[in-house]
Number of protein chains: 2
Amino acid sequence: MTGTNRNAENRRTTIYDIAQLSSASPSAVSAILNGSWKKRRIAKATAERVIEIAEREGYARNLQASALRRERSNVIGMIMPKYDNRYFGAIAEQFEARARQRGLFPIITCTERDPDLEVEAAREMIGYRVEHVIATGATDPDRIARTCAAAGVRTLNLDLPGREAPSVISDNYAGARELTALILDRVGTDNGPLLFVGGRAADHNTGARIRGFRDEHAERGIELPDSHVLTCGYASEKARKALDDLDFELPGALFVNSTISLEGVVRWLRANKRRTLFGCFDWDPFAALLEDNVGMVRQDVSAMVSAIFDRLDTPLDDREEVRVPCILCHPGETDGDGAS
Amino acid sequence: MTGTNRNAENRRTTIYDIAQLSSASPSAVSAILNGSWKKRRIAKATAERVIEIAEREGYARNLQASALRRERSNVIGMIMPKYDNRYFGAIAEQFEARARQRGLFPIITCTERDPDLEVEAAREMIGYRVEHVIATGATDPDRIARTCAAAGVRTLNLDLPGREAPSVISDNYAGARELTALILDRVGTDNGPLLFVGGRAADHNTGARIRGFRDEHAERGIELPDSHVLTCGYASEKARKALDDLDFELPGALFVNSTISLEGVVRWLRANKRRTLFGCFDWDPFAALLEDNVGMVRQDVSAMVSAIFDRLDTPLDDREEVRVPCILCHPGETDGDGAS
DNA sequence: GCAACGTGCTACATCGATTGTGCACCCGAT
DNA sequence: ATCGGGTGCACAATCGATGTAGCACGTTGC
């Protein structure tokens, strides 16, 4: 692995070094080592010699130089709010796997739900001349889209839709409706309306879920007062506080809008020694094992990421909105890993 | 944001474009836009003019070209097995935050515990001329270290120690001993030895934890047969199977070696309608809420990542092994987010 | 009036890889 | 011996940013 020592102390081996060692020209070496030599009238023997020397010297192509010259980076970027739950973890893994499959180098940046950081991250990615930016769960997808558009970089939204780039999102309405139905079936229809906890009302996804939640109640003729929809934000602390502030009796069961909120809900139930059935729009393996958990809606990450990559090479329609069905998980089911 | 249209259809703005528009030379523009102009006899007025035009044109410095010229990438890489648990999620977030603080661009690659992918990822990072590679929970840290060393890239190990690069790891022995003590205190000393479940015996961390587990039993004069240490691997399915294959009565309490294994354990308990106290060497917010959970050992991610970054600029001692104390969490405690 | 010096820039080579163009050579046919 | 065609390569320009070396101009000192 050591090979001949570099000329200077620590310079990396370049095609020029390999050219000297193999008495070929740098251009031949370049062509040979990037595989394009078969189209370039180069003798097989030369190629083999060069490849062997390159391997012996531990040559690693300078991808920055390569990208610069070819005006093509082969890098794809993803902007993501957090890594702290299974959903985003699965997205990150799927994204990496698909990118690699396509010969793209994935770069993920986590922006902690900070809109300014999101734009800064986008700018940095543009600096690296990424070929696409995927924004997941972005606080302000359109600002990212505009920043990228100004630099000629195409954006796609995952999970949260935007108006200025195509979006792939879960079918939040249908998923929420199914989950509501499941919970209502379990708790018994005469046990009144459920309580919706978590998320932000302005948030597109939360909005769609609330509609599903409402419509399912309506279909069953259960009246649902506005007080039963607590869009208190996502943080678990906020869910806890919202339950503390409740000025009516805890309903027979809960519809919790994310695992983050569910954390707060379960803590509150424990602290107050209460038990209630609940379902959750989001999936987590341990949350699935909690008693009183009626079901979880798991977003179909694999299908969503697939849909994103399918759209990479076709001309984009910025208003397109792809809706991917969710998967309803009943607790106790054997469930594989995060990759759906 | 649009600015004057690019010469060709879609070329990105370069310092040459800005130079033309501002009637300054490319070198002046470069110096101005990268901030080095204050040391370079350039009039403030010129700088302001150039900066304004650059902003109007939405100029974004080509970081590939910059890195190529400066022979310094400002990129730092991390190799990570999975994103599917809180521990690695927290590491990724901390790593990104610290890297940014230092003005480095973080690149994370997740290698699905595949040694070949690990090396491939390292090679790709070398191609991008990363300045350091941090290997977390790598299957074969030394192979990564050798690959990087051959290219003159420094490696550091996080979580799993290696022999060929400095390592920062949790104090697995002390943490395991504390947890064992906690469980034994809860279950009552005369309830016999605990059962250790999960991990690989060859694994350094698992080894250290088993020693702590054993020593605490020994100190209390509790005999611990080898049959009570099930190093069945990490996957939850394997833990489940190991419990199925148990040929003696389930002990009074369990020491589970990771949240992944814990998933299998809890499923098995549910499926067999058994209840046992358990503790877990790893932390997860929902697992912390499971009944019968006596305590969890949470690795101090923040301190570990700090320790890694502290070592970046000092000359490295390849045999160094920094041990960071763990945090013992009692269930029901209010616990913040993953950032410790 | 001329040297000495300071200011504000520009020119050019360079980082490493890529690729279109073109040259030298060899073989066979005329 | 000469030409056409094929093979095997080398040359040089180029991608965008950077930094050194140096040029032109203006001001001051004597």
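How far does a polar side-chain atom of N34(B) lie from a phosphate oxygen of DNA strand D, and what is the distance in Å? The separation is 3.1 Å, which falls under the polar-contact rule used here (a pair of N or O atoms within 3.5 Å; within protein, one must be able to donate a hydrogen and the other to accept it, and residues adjacent in sequence count only if both atoms are side-chain atoms). This is a predicted model, in which local features need pLDDT of at least 70 and side-chain atom pairs count only at pLDDT 80 or more, while totals for chains, interfaces and linings use all residues. Residues are numbered from 1 along each chain as its sequence is written, chains are lettered from A and ligands numbered from 1 in the order in which they are written, and side-chain values use heavy atoms, with hydrogens and water left out.

**DNA strand D**

- DNA strand D is surrounded by 28 residues, of which the closest are S25(A), R41(A), R40(B), Y59(B) and R69(B), where a residue is near a strand if one of its heavy atoms lies within 4 Å of it.
- Of the atoms of DNA strand D that come within 4 Å of the protein, 48% belong to sugar and phosphate.
- The largest share of the surface near DNA strand D, five residues, is supplied by α4(B) (helices are DSSP runs of H or I with at least four residues, strands are runs of E with at least two, and both are numbered from the N terminus).
- By class this surface holds 10 nonpolar, nine polar and nine charged residues, with Ala, Val, Leu, Ile, Met, Phe, Trp, Tyr, Cys and Pro counted as nonpolar, Asp, Glu, Lys and Arg as charged, and the others, Gly among them, as polar.

**DNA strand C**

- DNA strand C has 27 residues around it, the closest being I15(A), Y59(A), R69(A), S25(B) and R41(B), and sugar and phosphate make up 49% of its atoms that come within 4 Å of the protein.
- Its phosphate oxygens lie 2.6 Å from a backbone N or O atom of I15(A), 2.9 Å from a polar side-chain atom of R61(A) and 2.8 Å from a polar side-chain atom of T46(B).
- On the surface near DNA strand C, α4(A) gives the most, with five residues.

**Contact between chain A and chain B**

- The contact (heavy atoms within 4.5 Å) takes 62 residues from chain B and 62 residues from chain A.
- About 6,200 Å² is buried between the two chains, with carbon and sulfur atoms giving 52%; this is the accessible area (1.4 Å probe) that two parts lose on being put together, summed over both.
- Four salt bridges are counted between chain B and chain A (a side-chain nitrogen of Lys or Arg within 4 Å of a carboxyl oxygen of Asp or Glu), including that of E124(A) with R100(B) at 3.1 Å, N to O.
- The side of chain B that touches chain A has 27 nonpolar, 11 polar and 24 charged residues.

**Within chain A**

- E249(A) and R274(A) form a salt bridge with their closest N and O atoms 3.1 Å apart; E249(A) lies in the loop between α10 and β8 and R274(A) in the loop between α11 and β9 of chain A, so the pair ties together parts that are 25 residues apart in sequence.
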